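Here's a quick briefing for anyone meeting this structure for the first time. Take a look at it, then read on.

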Amino acid sequence: MTSITLSEFRARQSDYIAAAQREPVEITSRGVGRRAVVVSPDFFNRALEALEDQADVLAAAAARNEIEPRVSHADVMAEFGL
């Protein structure tokens, strides 16, 4: 990952946005450390999908651990007249 200061980013913004298409670019600031990370839209979309998948896995695990009484498939079908 490339790491640059905020002033470097301001001076060569288009260069660093182009670089972010290949790898994340970390923007730092004196005294604060990491301020932002610029990534490509593809990287962002893949990261977001991974987070959503992880949330789905955790929700499914929680649902399996619920203690409410379970309803059989046959009972659900009968309830809806199927």
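From the N terminus on, the chain's elements go β-α-α-β-β-α-α, which comes to 4 helices and 3 strands. Here helices (H or I, at least four residues) and strands (E, at least two) are DSSP runs, numbered from the N terminus. Bear in mind that this is a predicted model: local features need pLDDT of at least 70, side-chain atom pairs count only at pLDDT 80 or more, and totals for chains, interfaces and linings use all residues. Residues are numbered from 1 along each chain as its sequence is written, and side-chain values use heavy atoms, with hydrogens and water left out.

**Overall shape**
- The chain has a radius of gyration of 23 Å, while a compact globule of 82 residues would be near 12 Å (taken over C-alpha atoms; the globule rule is 2.2 Å times the number of residues to the power 0.38).
- Along the principal axes, the C-alpha atoms fill a box of roughly 70 × 30 × 15 Å.
- Of the contacts in the chain with a separation of 6 or more, 15% are between residues 24 or more positions apart; contact means heavy atoms within 4.5 Å.

**The nonpolar core**
- The largest nonpolar core has 7 residues: Ile4, Phe9, Tyr16, Ala19, Ala20, Val25 and Ile27.
- At least two residues of this core come from each of α2 (13–19) and β2 (25–29).
- A nonpolar core is a set of buried Ala, Val, Leu, Ile, Met, Phe, Trp, Tyr and Cys residues joined through side-chain atoms within 4.5 Å.
- In soluble globular proteins, nonpolar side chains tend to be buried together.

**Ile4 and Tyr16**
- Ile4 sits in strand β1 (residues 2–5) and counts as buried, at 4% relative accessibility.
- Skipping residues up to four places away in sequence, Ile4 touches Phe9, Tyr16, Val25, Glu26, Ile27 and Thr28.
- Ile4 and Ser29 are 25 residues apart along the chain, yet their C-alpha atoms are separated by 8.6 Å.
- With neighbours within four places in sequence left aside, Tyr16 is in contact with Ile4, Glu8, Phe9 and Val25.

**Ser40**
- You'll find Ser40 in the loop between β3 (33–38) and α3 (41–64).
- Is Ser40 buried or exposed? Ser40 is buried because its relative accessible area is 9%, under the 20% limit.
- Ser40 touches Ala20 and Gln21, not counting residues up to four places away in sequence.

Key. Buried < 20%, exposed > 50% of the residue type's maximum accessible area, 1.4 Å probe, protein only.
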